[in-house]
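Work through the exercises below with the sequence and the 3D view open. Try each task before you read its solution.

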Amino acid sequence: MKFPSHMKKILISLVLAAASVTHGAEARPLVIAHRGASGYLPEHTLPAKALAYGLGADFLEQDIVLTKDDVPVVLHDIFLDTVTDVAKRFPDKKRSDGRFYALDLTLVELKQLRVTERFIAKTGQPVFAKRFPAGQAEFHISTLEEELQFIQGLNHSTGRTVGIYPEIKQPKWHREQGHDISTIVLPILARYGYATKSDACYLQCFELEEVKRIRDDLGWQGRMVMLIEGKAKGEDGTDHSALCTPVGLKELAKVVDGIGPAITRVVTWPTVGEAKLTGLVKAAHEAGLVVHPYTIRVDELPKNCPSAEALHAALFREAGIDGVFTDFTDVTRAWLANRK
Ligand code: CA
C-alpha cells in the first residue's frame, strides 16, 4: 500500500506517539506506589492498588510472602499480626515467640482474615494516626496472581501500562523454614508476561545472595533492583554499606539494573532545612544503575526535613533520582507535574 508523504508523516507520528504511551512511564522519573496508595487505604489491599492506579502511579509495588501451602500472597511482613485480625481468629497459630506467621496458615485460612490499617500488635494503636481508621470497612489479603490479574485488568480497561514492582521478602528465612519462595514466584511472573527487561516490571530484594541466585541460577532475565537498607548489615548478612561504595556499585551493576536505597542513603538533613547529599546517586549513575529510593511519607518526614516539598526537591532536583517509592502517589505526581 502506498501513502502520500504527508500521510506517512502522520502515520510515523502516530506510531511514535503510541510508543511514547507504552514507554512513557520509563522516560520520566517513576512514581512507584509503595504498597499501593498506603497513605490513604490499608497497605497492599486491592482498593489501595486501585486508588494508586487512579492517582497516576507508574508502578505498583507488591511485597510477596508464602502461605503454608506455598501460595505467594501480597503482604509486607512474614507476620500477620500487625495488619490483620489473626490473633482473634486463629489464636492457636501463635508461635512461641508470640508472633503469627503467614507461613503457618493455608490460603483458605488466610482468606478468612480481615486486613486493617497497620497497628502495633502489643497495644493495638495505629502506626499512622491520621491514616485509614482501624477496623473500618472490609479488606482482604490477595494472592500475587489475583493482584496481577487486577492490575492487568486495569491496564486493559484504561489503555495504560502501569507496571509491577514485586519484592521477594526474606528468601533466606523462607528457605530455612523449608520453602523456596523465588522458585515459586518467578514462573508466575513469567506466566503473566513479566520476563524480560522490556516488560513493565522491576523485581526487588534486600538479600544480595538471593539477588545473585535469581540472576545466575534461576535465570531471571527481567529488570532487577537491589534494595539497600539504611543500616549497615541486613539480617541475612548482606553488607549494605559495602554495596554503596564505588567498587560495590560496580559489582552490583553486573547483576542488577538499579538500586533501591533508604532515603537516608541519598540525602540527610544535618540541621533543619539544610539538605546534604551523600553522593550515592551520582556514584550509582556512574556505575550505570538507576536509583529508586524508599519511602516518601508526608506524615513521617526524614529527621530535620522541613516539608514534603523539600523532600521531593532534594531527591529529584538535587540528587537526581530516577524514581521513588511513595505512600502518597498524588503528592509525588503533583510535585513532578509542577516542578520547574
Ligand atoms: Ca517492599
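Axes are lines fitted to C-alpha atoms, for helices over the stretch in contact, and angles run from 0 to 180 degrees between N-to-C directions. Helices (H or I, at least four residues) and strands (E, at least two) are DSSP runs, numbered from the N terminus. This is a predicted model, in which local features need pLDDT of at least 70, side-chain atom pairs count only at pLDDT 80 or more, and totals for chains, interfaces and linings use all residues. Residues are numbered from 1 along each chain as its sequence is written, and side-chain values use heavy atoms, with hydrogens and water left out.

**Exercise 1. Describe how α12 and α13 pack.**

Step 1. Recall the two quantities: packed helices are described by the angle between their axes and the distance between the axes.

Step 2. Take the values. α12 and helix α13 (residues 329–338) meet at an angle of about 60 degrees, and their axes are 11 Å apart. That angle makes α12 oblique to α13. Here, angles under 35 degrees count as roughly parallel, over 145 as roughly antiparallel, 65 to 115 as roughly perpendicular and the rest as oblique.

Step 3. The crossing of α12 and α13 is right-handed. A crossing is left-handed if the near helix is turned anticlockwise from the far one by less than a right angle, and right-handed if clockwise.

Step 4. List the contact residues. α12 supplies E309, H312, A313, F316 and R317, while α13 supplies V331, T332, W335 and L336. Contact means heavy atoms within 4.5 Å.

Step 5. Sort them by class. The contact of α12 with α13 has 5 nonpolar, 2 polar and 2 charged residues. Ala, Val, Leu, Ile, Met, Phe, Trp, Tyr, Cys and Pro count as nonpolar, Asp, Glu, Lys and Arg as charged, and the others, Gly among them, as polar.

**Exercise 2. Which residues are the protein donors of the calcium ion?**

Step 1. Find the atoms. The donors are E61 (OE), D63 (OD) and E167 (OE), at 2.1 to 2.3 Å from the calcium ion. Donors are N, O and S atoms within 2.8 Å of the metal (3.2 Å for Na, K and Ca); water is not among the atoms, so sites may look incomplete.

Step 2. Read the spacing along the sequence: E-x1-D-x103-E. E61 lies in strand β2 (residues 59–66) and E167 in strand β4 (residues 163–168), so this pair ties together parts that are 106 residues apart in sequence.

Step 3. Check the burial. Both E61 and E167 are buried.

Step 4. Find a neighbour. R35 touches E61 and D63, among others including H44, H76 and R297. R35 sits in the loop between β1 (30–33) and α2. R35 counts as buried, at 9% relative accessibility.

**Exercise 3. Inspect the backbone at H44, D70 and T295.**

Step 1. Take H44, in the loop between β1 and α2. Phi of H44 is positive, near 65 degrees. H44 is buried, with a relative accessible area of 3%.

Step 2. Take D70, in the loop between β2 and β3 (72–74). D70 is not a glycine, yet its phi is positive at about 60 degrees. D70 is partly exposed, with a relative accessible area of 31%.

Step 3. Take T295, in the loop between β10 (290–291) and α12 (308–319). A cis peptide bond joins Y294 and T295, with omega about -5 degrees.

Definitions and conventions. Buried < 20%, exposed > 50% of the residue type's maximum accessible area, 1.4 Å probe, protein only. Lists of a residue's contacts leave out its neighbours within four places in sequence.
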